[in-house]
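Welcome, and please have your viewer ready. We will go from one selection to the next and see what is there.

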Amino acid sequence: MATKNSFLKNRDFGLLIIRAGIGISMLTLHGLPKITGGVDKWKAVGSGMKVIGIDFLPVFWGFAAAATETFGSFLLILGLFHRSVSALLAFTMLIATLVHLNNGDGISVASHAMELGLIFIALIFTGPGKYAVDK
C-alpha cells in the first residue's frame, strides 16, 4: 500500500517525464528539421492538408505544422499553454496519420503519428501537472 501511495504522490513527476520526453523527441526529430527545411519543405508538408480538402496555401500550412512541432514542443516541455499546445499537436498528428494512410503507407507507418496524437489528446485531459511554468 505504501508503494501505491508513493506512486500517486509522484504522478506530477510522471507527467513531467512524459512532457519532457515527448517534447524533446518532437522538437529534435520532427520540428527542427521541418522549420529549418525552408519553403520547399513547408510546401511538401502543407500539401498534406489535401487529405481534409484544403488545397490552398500549402506553404502556410506547412510552416504552421513546422512551427507547431518546434515551438509547441518547446512549450510542452515547459508546461506553458499546455492544453492549447497539446490540441495543436494532436491535430498535426491527425493530419500526419491521414497523410500516411492516404499514401498507402499502412497502419504500421501511420501508427507513430497515431500514438503521438493519442498522447497529446490524453495530455489535454491530464493537464501539465504541478511541475510546469503555468503553475
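Is Leu94 buried or exposed, or does it count as partly exposed? Select Leu94, in helix α5 (residues 82-102): with 42% relative accessibility, it counts as partly exposed. Buried means under 20% relative accessible area, exposed over 50%, and partly exposed in between (1.4 Å probe, protein chains only). Helices here are DSSP runs (H or I, at least four residues), numbered from the N terminus.

Before moving on, keep in mind that this is a predicted model, in which local features need pLDDT of at least 70 and side-chain atom pairs count only at pLDDT 80 or more, while totals for chains, interfaces and linings use all residues. Residues are numbered from 1 along each chain as its sequence is written, and side-chain values use heavy atoms, leaving out hydrogens and water.

Next, go to helix α2 (residues 11-35) and centre on Leu27, where there is a kink of about 40°. The bend at a residue is the angle between axes fitted to the seven residues ending there and the seven starting there. Leu27 is one of the buried residues of α2, which also include Asp12, Arg19, Met26 and Ile35. Show α3 (38-46), α4 (58-78), α5 and α6 (107-126) too: they are among what covers the buried residues of α2.

Last stop: Phe81, in the loop between α4 and α5. Phe81 is exposed, at 53% relative accessible area. Leaving aside residues up to four places away in sequence, Phe81 touches Leu75 and Asp134; contact means heavy atoms within 4.5 Å.

Methods
Helices (H or I, at least four residues) and strands (E, at least two) are DSSP runs, numbered from the N terminus.
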